[in-house]
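Subject: Structure handover and findings

Dear colleague,

I am passing on the structure we spoke about, together with some notes on it. Please open it alongside this message, so that the residue names can be followed as you read.

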Amino acid sequence: MKDAIGFAFLGIGAGGFIAMMAAGLVVAFKGSGVINFSHGAVAMYAAFTYNYLRLDGTIRLPLVDILPTHQANIPVKISLASGGPVDKWLAILISLLMSMLIGAGMHYLVFRPLRNAAPLGKVIGAIGVMLYLQGIALVNFGAENPQPEAILLPNTLFTNFLGFGKPLPGESFALAIVAIIVGAALWFNYKFTRFGLATRAAAGNEKGAVLLGYSPERLALSNWIIAALTAGLAGVLVGSVTGALNVVKFTTLIVPALGAALIGSLSSVPIAIAGGVGIGMLQTVVATWMSGQSWFPEWLQSGATDAIPLVIIVLVLFLRGKSLPVRGNIQEKRLPLSPYPKRIGWYVAVFVPLGAILAFGLPGDFIFAGLSGKWGFAFTTTLIGAMLMLSYVLLAGYVGQISMVQLSIAGVAAFFMARMTANGTPSPEDPFAVSGPGIAWPIAAILGIIVAVAVGIILGIPALRIRGVQLAVVTIAAAVSLQTLYFDNSKLTNLMAGSNAAVPSPTLFGIDIGSTGSAGLTDSPKFALFCVIVLALMCVMVSNLRRGSTGRRFLAVRANERAAASAGVDVPRTKLLAFGLASALAGMAGVMTAFQQQQISSANWVYFAGLVTLAFAYLGGITSVSGAVIGGVLTGSGIVAVFGAHQSEGLHSYTPVLGGVGMILTAILHPSGQSMLYQPIVQYFGNWLKRARGREWAGVGRRLGPFIVIGLAWGAIGINPWRTDDWSRPWMMALGAFLALFIRNLVILIRSGGHRELGSAEATQEVAA
Amino acid sequence: MSSLLQTHDLTVSYGGLHANSNVNIKAEKGKLTGLIGPNGAGKTTFIDAITGFTNVSSGRAEFNGADLAGVSPAARAKAGLVRTFQSLELFEDLTVWDNLIVMAEETKWWSFLADIFQPNRALGVEERAEWALNLLGLGEFRDRLTLDLSHGQRKLVSVARSLAASPKLLLLDEPAAGLDTVESQQLGSHLREILNHDITIFLIDHDMGLVLSVCDYIYVLDFGKIIAEGTPEEVRNNPEVIKAYLGESAGELQASEGDAAARALKGEG
């Protein structure tokens, strides 16, 4: 026991860091009701700023010069000390100012415009900020992982800390003390100052703050700056406690901090601080002491520490939560309406043949020979992405359950299937074959999906008592645990460290429908058609669920759980059904990913990628099947991403930055997602086609003809002249025409008044007219 | 005459506060029973307790002869104990028709499988929903989203929605709040009409005009306790009630309004 306590104290440094981050999360939540998933990224940026000031004396502003030629000369890098390190205290000051600047920017550019958005919209905004800061850091600081400098009590070591026989670095001790001081200061500020009172009042009701003579916006700004400052402080002071600086790793330190913040109900700074220190200590005890005990299960040894936040979060929230929301709960802002799917047969009749043409080309390769190479791979990635998005549409769009674990559930299906098909016989492609029962692929795939459903339902249990953004936090903690406990756990996967799980190529009635094409690339058109058909079936399935009594119940639960219960809808069962169905959809996506990639590793299902896929689902349109398809088109490595990369080689390092900006802009400007923008246009155009006569065609020709001609010419000389090859030239003309029309419509939209909902019927008619 | 709903010393406490203490109420089958009381008297708490939305501290409630303890809100609704909400709580993402159908339909565990293959199959409850819709004169709003309706229309939707569920006992939580006098009187006549369809009603409201005119029997709640009960006539003349709830002059005014409305209704019937 003495040992355990000694080890626990080793964790107070990490705990102090978690605690400070948690305090910042609480402050941001109090100030503006946002659970700030980008908090870790703010700390990361401050940490990098400090360490680069100390390395080469440069400040790198949180922006990029997007023009590779630097024609505009946007200042990004400011050199302070002609290559030498800057004084320690000045560097600390500048780094903290930097984090405050980022906090102010987040308020003005992101969360103030989003203040009336649905909770999910704010989550997407925060994810956008996180992607932006990550992308910026990768561009501005490079992918190096420097060792951070210890600031507090460096070179100090307590050899026998508190007499428990364990040495403790002075840095860890100091970090915990600073965390407690910061916590006390924040607590005092919110408890005893007028500013704190006004913030508390504004958290309940904005008018309350106005009555106290405070502007709610100024309050929110101050709180954002304070929150960012604590993140910056944590990032600068953490020093060597978290190891080498790494853009992505640092950002993900948010997860235990979220756990600590939730322990404090997102409202109590002291409890969050205590929770943070506690989580850090507990993690260290488990990692260093408990896992060495003989009674500790062997399969838990990898990843048990990362599962601690999940266990704590679930316990705290589940015990505190109510199975139905109580009367008088402040109603959250609603998600966009979920449109009733119509003409499903028509969509299938158009899109399945279209998909077949994209895969195989036109007969005799007339004009178009089918997507191949990276385009073929992007096409199947898009289709599989859409499958995953469908699971978000069902769960978040229809039932309102914000889940960030769907990608990991896809991974569960893929990993389980891979293990079931394995038979332990090494081959040249797979020298370290894992043991397994060697089941045929269709059965293994079904087993994988069944396991995914089981995992999904278990992870859905917290949703019976936890709602909204808090559920999002639970699911992200669950995704972390799945990654470390399953995908990275060689005891369960039987994989050699660093090697991938092999997936056999599927065959159907003797036809190879695997993803390997004729040239040995992963671009087989047969596999693409396989994906098209699977996606079409899944779309029909989800549409039918939406149209039937299940969909009515889902939307009833989404709209109002109390009323749904009073209508005889079994709310818990309906939620679990949704989790199960969504996991089946995600599992299908996972299985298809495995077939596409032919080998899988935990890198395919990194939990942070799960956040991003949720964001893409939201961008496409979280409440409709067509939104899922558009989300798939937008998804990472999908058609749009590959096309963009192809057209802008040399700019590709900016894509995460642009992705983050795009996410924030869409969340602000177009909360119902892009599909809501296209759908009425498509509908209007379809109706118009049915009734249009020659004269109207001529009219359209007169109005749009010039734009099309200009667009075609633009495309012919190349939209991006230094990047046009024979392959892309015909495409360029079509794209040019499309872009010309798009820009024209955009101008009309903006002139018609930007405040109006873009997808509304009259706006569409105006555009189409 | 048998009572459909009966509570025995029902008590609901939040911490030290007794929102309902030792409430004994009976709702007779086929009758319209009313519960009135000033704001904060514990009326909605009583409905919440009966329908399972809040925990009962002590005492018990019986519905149709069965003890309600431990039965989930959804199961109570399925058993025919259906409520409306003071704050409406409609399904705003659904059309008026779908609002009714959600309430009316019976689902099985395999319903989702059936939906995948045949989403628009007949449910056997359409006739009932149609009847509820037309009874409250909402036919023309059938395919509109409830968001697009006026407050009064939404009130009617919430009543129609409960009717679609084939309730045995309909608990109405302040259906007249926010309605004007005419709408309120129309609602009153709808309620008497509903009684003719083998549905018992339990009405909570503080529109005295409505309650005194339509109810067969009235309970008066104040500070969580029943302070009076009886026919509208008895309640109207009960000095305790006048003092606690109606206030001297305002109460008399409202009571006389109720009188007039009652005469109008009874005259027709």
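This is a predicted model: local features need pLDDT of at least 70, side-chain atom pairs count only at pLDDT 80 or more; totals for chains, interfaces and linings use all residues.

Chain B is built from eleven helices and eleven strands. Its radius of gyration is 19 Å, which is close to the 18 Å that the globule rule gives for 269 residues, so chain B is as compact as a globular protein of that length. Along the principal axes, the C-alpha trace of chain B spans about 65 × 40 × 35 Å, and buried residues account for 46% of the 269 residues in the chain. Of the contacts in chain B between residues at least 6 apart in sequence, 68% join residues that are at least 24 apart.

The domain assignment divides chain B into domain 1, which is made of 3–80 and 167–268, and domain 2, which covers 91–165. The C-alpha centres of these two domains of chain B lie 26 Å apart, and the contact takes eleven residues from domain 1 and nine residues from domain 2. On the domain 1 side, the elements that give two or more residues are strand 8 (169–173) and helix 7 (181–195) of chain B, with helix 7 giving the most, namely four residues. By class, that side of domain 1 has seven nonpolar, two polar and two charged residues.

Turning to the contact between the chains, 30 residues come from chain A and 29 residues from chain B. On the chain A side, two or more residues each are given by helix 20 (525–547), helix 21 (549–559), helix 22 (561–566) and helix 23 (571–597), and the largest share, eight residues, comes from helix 21 of chain A. The side of chain A that touches chain B has 14 nonpolar, eight polar and eight charged residues.

Finally, the largest nonpolar core has 317 residues, and those with the most contacts inside it are A:Met21, A:Ala22, A:Met387 and A:Leu390. Helix 15 (residues 373–398) of chain A gives the most to this core, with 16 residues.

With best wishes

Key
Residues are numbered from 1 along each chain as its sequence is written. Chains are lettered from A and ligands numbered from 1 in the order in which they are written. A nonpolar core is a set of buried Ala, Val, Leu, Ile, Met, Phe, Trp, Tyr and Cys residues joined through C-beta atoms within 7 Å. A residue is buried if 20 or more other C-beta atoms lie within 10 Å of its own, exposed if 12 or fewer, and partly exposed in between; C-beta atoms are placed from the backbone. Domain bounds come from an automatic or database domain assignment. Two residues are in contact if their C-beta atoms, placed from the backbone, lie within 7 Å. Ala, Val, Leu, Ile, Met, Phe, Trp, Tyr, Cys and Pro count as nonpolar, Asp, Glu, Lys and Arg as charged, and the others, Gly among them, as polar. The radius of gyration is taken over C-alpha atoms; the globule rule is 2.2 Å times the number of residues to the power 0.38.
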